[in-house]
Amino acid sequence: NLRTSTLYQAKVDIQDYYNSIYTHEITRLQNRELCIDFFNEIEDKNKFIVFLNVLEQFNQNLNNCQTNGIVTGPYSSYITGELILLAIDYEMNNFLKTEINIKNKSRLKYSRFVDDYSIYTDEENLIEIFIEQLDLILKKYSLKLNRQKIERKSQGIFDRTPSSVKK
């Protein structure tokens with residue numbers, strides 16, 4: 001079990017996730033790494049593009065035609081949120097494969113529940129590398145980390161000191 005076999009853990013949260021989603025990011029997904037690779041696997045990518053357009057318009061209509069933030073509650077919001085997070089995960093996984101796990105020959109794994117990330121590793125410095133890379137990826141989607149909620153755990157004790165205080 002990675003959770004018990006690693007020395008360092010961290011918890012990271014996306015700041016005000018649903019209220020921060022820019023609805024135009026939904027149709028922009030078609031130009032992101034995840035969808036580009038996905039399109040190579042399917043025959044009719046136009047159906048997926050139409051789906052993204054309908055989903056974007058639907059979310060805007062639910063929110064009085066606003067493009068910043070999506071209403072929480074409807075299943076369309078959860079689908080939207082998860083699609084964006086899947087694209088973010090895809091970029092992070094590619095980074096981990098090429099930059100972290102191969103070069104450092106170490107173990108860094110993470111799990112995500114909605115917009116909450118749990119990071120597990122055997123090298124403390126990899127936590128910061130992960131957090132900074134996630135921050136860079138989130139900015140591409142007009143999102144940001146909640147630096148006040150970052151928690152670090154070393155050998156069993158979570159440190160709730162905000163990142164901004166540690167620097």
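These are my entries, in the order I looked things up.

**Entry 1: helix α5**

I kept in mind that this is a predicted model. I started with helix α5, residues 45-62, and checked its length. At 1.5 Å a residue, its 18 residues should span 26 Å, and the end C-alpha atoms are 26 Å apart, so the two agree.

Next I asked which residues of α5 are buried. My list reads Phe-48, Ile-49, Leu-52, Leu-55, Glu-56, Asn-59 and Gln-60. They cover an arc of only 130 degrees around the axis, which means they sit on the same side of α5. The spacing makes sense to me, because an α-helix has 3.6 residues a turn and residues three or four places apart point the same way.

On the other side of α5 I found Asn-46, Lys-47 and Val-54 exposed. I then looked at what the buried residues pack against, and got α3 (24-28), α4 (33-39) and α6 (75-100). After α5 comes Asn-64, and I noted its positive phi, near 55 degrees.

**Entry 2: helix α7**

I moved on to α7, residues 124-140. Its buried residues are Leu-126, Ile-127, Phe-130, Ile-131, Gln-133, Leu-134, Asp-135, Ile-137 and Leu-138. Their cover includes β1 (8-13), α6, β2 (108-113), β3 (116-121) and β4 (151-154). Just after α7, I saw that Ser-142 has a positive phi too, about 60 degrees.

**Entry 3: salt bridges**

How many salt bridges are there in the whole structure? My search gave ten.

Arg-112 and Glu-82 meet through their side chains at 2.7 Å, N to O. Arg-112 is in strand β2 and Glu-82 in helix α6, so this pair ties together parts that are 30 residues apart in sequence. I have Glu-82 down as partly exposed, at 31% relative accessibility.

Lys-140 and Glu-91 form a salt bridge at 2.6 Å, N to O. Lys-140 belongs to α7 and Glu-91 to α6, so parts 49 residues apart in sequence are tied together here. Glu-91 comes out at 7%, so it counts as buried.

Arg-147 and Asp-135 make a salt bridge at 3.3 Å, N to O. I placed Arg-147 in the loop between α7 and β4, with Asp-135 in helix α7, twelve residues apart. Asp-135 is at 9% relative accessibility and the cut-off for buried is under 20%, so it is buried. This pair is part of a network, in which salt bridges with shared partners join Glu-132, Asp-135, Lys-139 and Arg-147.

**Entry 4: the core**

Last, I looked at the largest nonpolar core, which has 40 residues. Those with the most contacts inside it are Ile-88, Tyr-117, Ile-119, Phe-130 and Leu-134. The elements giving two or more residues to this core are β1, α2 (17-20), α4, α5, α6, β2, β3 and α7. The biggest giver is α6, with nine residues. As a general reminder to myself, nonpolar side chains in soluble globular proteins tend to be buried together.

Which residues does Phe-130 contact, leaving aside neighbours within four places in sequence? I got Met-92, Leu-96, Leu-108, Tyr-110, Tyr-117 and Ile-119.

How values were computed. Residues are numbered from 1 along each chain as its sequence is written. This is a predicted model: local features need pLDDT of at least 70, side-chain atom pairs count only at pLDDT 80 or more; totals for chains, interfaces and linings use all residues. Side-chain values use heavy atoms; hydrogens and water are left out. Helices (H or I, at least four residues) and strands (E, at least two) are DSSP runs, numbered from the N terminus. The expected span of a helix is 1.5 Å times one less than its number of residues. Buried means under 20% relative accessible area, exposed over 50%, partly exposed in between (1.4 Å probe, protein chains only). The arc is that of the directions from the helix axis to the C-beta atoms. Contact means heavy atoms within 4.5 Å. A salt bridge is a side-chain nitrogen of Lys or Arg within 4 Å of a carboxyl oxygen of Asp or Glu. A nonpolar core is a set of buried Ala, Val, Leu, Ile, Met, Phe, Trp, Tyr and Cys residues joined through side-chain atoms within 4.5 Å.
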